Amino acid sequence: MRKNPTALWSRSIAALVGGYICANALAIALTDVLPTEKDSAVISGMMMTFALYALAIVWVFSAKTAKRAWLGLTITTAFSITFWIVKRQFGDQP
Amino acid sequence: MSFRLSITWLHTWTGLLGCWLLYFMFITGSTGYFDDEISRWMQPEIPVQMSSFDAATLLPKAEEYLRDVAPDAAHYYIDFPVGRSPFYTLWWQTQSDPQTGRKGIWYNKKLDPNTGAIVTPRDTHGGELLYRMHYVLHYMPTSLAHWITSTAAMLMLVGLISGVVIHRRIFKDFFSFRRRKPDRSWLDLHNLAGVLPLPFHLMITYSGLILLMFTTMLAVPVANYGAGKEIRMAYDRFFSEHEVREASGNKAPLVELSTLYQDAAQRSNGHPISFISVDNPGDSNGIVSVGWHVTTGLTPFQPLHYDAVNGARFEEQEHSVSGAKTFYDTMEHLHEGQFAGPLLRWLYFFSGIAGAVMVASGGVLWAIRRQQHQKAKGLSVRGLGLVQSLNVGTFVGLPIAIACYFIANRLLPLELAGRGDWEVHCLFIAWLIMLMHAFVRSRRVDHITVWQEQLLLASVIFAAIPVINAITSSVHLGETLFYGDWVLASFDLFMLALALVFGVARYKLRAKTARQSEPCDAELGEARL
């Protein structure tokens, strides 16, 4: 890592910022899946976000390359948000 | 780039980035397990409760006082002297601003628990501020502080996870402490302080993050409720313990609180009543809640609720508590440890100190490794001096600063305007001086010498606290030990113990340095705290 400072910075930003966004997106999607009523699903989602964030950070640093880390985060975030929007638009409203 | 190396890198740098602030949070947070005791030491004017609380005569006085001083308050809260808290305190909150919706301000007055007379203790923020600093910091808006402390906690969480991943022999190293090997002993200390209380570290970090999530993790609720009024209503639903009744605006006299106190005392199974709170006093829709002090079990009891005008008790509603709420509450209680008795409280305290030792030894270890690297390669490592100075100035400087907070409490003139604030300024001025000392001195002398100087000062200043206390107050060791007042005596004795710890650390460091002075490569790695 020392040899490639750009990749290192890239990874760090991916972990810090990308990880935060990705964890929140995942948690938002999860609140729609949880089998509880909305209030507690939201609270559960919030409480889960930190674990997801930590996992995302560790995962970013264990990915083979910085590029892969970014790609993984982007796909997860995009998938979560799409899932949430689709569920909102077409899913059964409470 | 191997997985292990990558995770090691992550551990090293998250740890270094967070270690000074985390040390501050661990130390000040740990003092919170004894906040009432510290507050008592810092307000020696407050009389001790001599007999059981005489509600029949004292409560009417309190009601009269609250009616006089705050007839239009939104809330009354009466705190009785039970358990660890020796204070009999009246609180009242002004009405919230109808325009901005901003909540009203809480005021309080302390009373003599024996006579009900108003006491005017010295102006201090006491142990409460010291403990609150671990998540609201100081000199900045609360929400900014929540973001900063949450970031540090997140670094801590990542540090813990990555630490476990890179720790190959986590169970074997549980019990190994190689004191004679240079730099190994620091690593072992780091592992010992990190691994042994690991469940505590994980719990305290995660629950801490959860307690501040209403500032830091807004995406989920905003996505579900929007950013407007609905989100506040959802929070109210989540937090309210009983049905909230809006004020009607019609005046109605408040029921006599002592009758409700007696009624609750009969239903509390012998537990002492710890508080009475009144929502919308003097309004026909007011509610009185009475709660008692329970020391066993994690689950808090439900207080009793009464109508504030006719005193009728509301039947307990069977309202089911969701799993999420139960988890949140459990996390909060685990974090705060309100349920903990004396033994468990000390365990909490020392686990927190172990956290401080873990982050501090990590910071020291970073410096040692860089120094070795520097020596081996003959290159100068950028930032080594900075880290070394921050290490001493924080790991020893902060305890010195807290000692100055206690000393300022005894030495600042009682009539000084803003005295309580000045005590806190003294803390931060002292810390700043210690940091400056570390930076300035390390330009001239070896940083081992800087450690020695600050350790010596720490030892002297903690030993001075009981002495200054003896000169300036009547609650010194001679009195407290004689009358068996163990809370106050323990404070002074603990200060002496700290003086001893810092003194021994300094002595050992000096002995090591002297033994090694021939090749003149004094190494902090040899020293043990």
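Predicted model: local features only at pLDDT ≥ 70, side-chain atom pairs only at ≥ 80, totals over all residues.
## Overall form of chain B

Taken along the principal axes, the C-alpha atoms of chain B fill a box of roughly 85 × 60 × 45 Å.

Chain B contains 19 helices and 6 strands, and 38% of its 529 residues count as buried. Among the contacts in chain B with a separation of 6 or more, 68% are made by residues 24 or more positions apart.

## Chain A

Chain A has 94 residues, of which 43% count as buried, and its secondary structure comes to 3 helices and 0 strands. Read from the N terminus on, the order of its elements is α-α-α. The C-alpha trace of chain A spans about 55 × 25 × 15 Å along its principal axes, and residues 24 or more positions apart account for 73% of its contacts with a separation of 6 or more.

## Strands β1, β2 and β3 of chain B

Strand β2 of chain B, which covers residues 88-93, pairs with two other strands described here. With β1(B), residues 75-79, β2(B) pairs in the antiparallel sense over 5 bridges, and within this pairing Asp79(B) stands opposite Thr89(B). With β3(B), residues 106-111, β2(B) also pairs in the antiparallel sense, over 6 bridges, and there the bridge partner of Leu90(B) is Lys109(B).

In a regular strand the side chains alternate between the two faces of the sheet. In β2(B), the covered face carries Tyr88(B), Leu90(B) and Trp92(B), whereas Thr89(B), Trp91(B) and Gln93(B) belong to the uncovered face.

## Helix α14 of chain B

Helix α14 of chain B runs over residues 384-395 and has 12 residues, and the distance from its first C-alpha to its last is 16 Å, close to the 16 Å expected at 1.5 Å a residue. Its buried residues are Gln388(B), Ser389(B), Leu390(B), Asn391(B), Val392(B), Gly393(B), Thr394(B) and Phe395(B).

These buried residues of α14(B) pack against several other helices of chain B, namely α1 (3-31), α13 (342-377), α15 (397-411), α16 (419-444) and α17 (447-472).

Definitions and conventions:
Residues numbered from 1 in each chain as written. Chains lettered and ligands numbered in written order. Buried ≥ 20, exposed ≤ 12 C-beta atoms within 10 Å, placed from the backbone. Helix = DSSP H or I, 4+ residues; strand = E, 2+ residues; numbered from the N terminus. Pairing = 2+ DSSP bridges. Contact = placed C-beta atoms within 7 Å. Expected span 1.5 Å × (residues − 1).
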